[in-house]
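Dear colleague,

Please find the sequence and structure below.

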Amino acid sequence: MTSNIKDKHIDPASFKAIAQLAYRECGLQLAAEKMSMIQSRLRHRLRALDIADFEKYSSFVCSEQGRDERRHMISALTTNVSHFFRENHHFEVLRSTLTNDLIPKLKLGQSVRIWSAGCSNGQEALSIAMTALDCNPEILDLDFRILATDIDPKVIEFAQNSTYPERLTTGIPESFLKRFFSSQEKGGEIHFQAIEKVRKLVSFRELNLISSWPMKQKMDVIFCRNVVIYFDSETQSHLWPRFHQALKPKGYLFLGHSERIVEPQNVGFSTEGPTAYMRTDATTSAMSKEH
């Protein structure tokens, strides 16, 4: 039945149904001009389910019976590209904040929490962990934890293993690669796994960013980079007050290089550098409408 799936094209009605579903499920915007890319990414789902065409697939995934398939669909549609120490200027701010503010608080018995939202394959969260250990190796014995979340269960599973082929380790300083990774050869390629003390600092969890957030403790730092670019302005405008509420006073929010909070002062943030924002205690009419 599925032998000619590679020749099947998504029809406008099926595309519209899938796009509306992706938006409802996770705020993902699918532009019509990306139709051929979306078609290409979803063909393997038709093959896996032995479904003949996109019309039948869209009917299934939008039905109650297709609820489990929605996770696979979102996984296929989202881009899981990341790098170690991507946008390094954020890690310079993190290092300064850890050294001057957060580690002294830890030594006084306070807790510090950092959230990597949209963690993809785990490189960002592990970069945070290595930075923290480099600032103070004793951080392992203090109340310091990193939460790393992503909507895609497949990348969460990959990240939990924290093992990367050599080609995915670009960006890691050579000294960090030696200190924080063990290496082994697999399938003719060298793979590097983060050592236990790095992995111990990070908890990987599946989370839909536009659903409820179960975290009870407020965060000192939130990395949410190259995620909100896939959301429309309305979805973004609902996220900013939620990030504000999730942060401790003077906590940092880092966004991706092409992402911005328009008029950050209206949602309780001040700009602290390129795509770096700090929670302020300002109360605005825009924020009070959200709460």
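Predicted model: local features only at pLDDT ≥ 70, side-chain atom pairs only at ≥ 80, totals over all residues.

Residues are numbered from 1 along each chain as its sequence is written, and side-chain values use heavy atoms, with hydrogens and water left out.

A search of the whole structure finds twelve salt bridges (a side-chain nitrogen of Lys or Arg within 4 Å of a carboxyl oxygen of Asp or Glu). One of them joins Arg 95 to Asp 134, at 2.9 Å from N to O. Arg 95 lies in helix H5 (residues 88-107) and Asp 134 in helix H6 (residues 123-135), so this pair ties together parts 39 residues apart in sequence. Helices (H or I, at least four residues) and strands (E, at least two) are DSSP runs, numbered from the N terminus.

Asp 134 also forms a salt bridge with Arg 179, with the closest N and O atoms 2.8 Å apart. Arg 179 is in helix H8 (residues 174-180), 45 residues from Asp 134.

Elsewhere, Lys 248 pairs with Asp 220 in a salt bridge of 3.0 Å between the closest N and O atoms. Asp 220 is buried, at 6% relative accessible area, whereas Lys 248 is partly exposed, at 22% (buried means under 20%, exposed over 50%, partly exposed in between; 1.4 Å probe, protein chains only).

Yours sincerely
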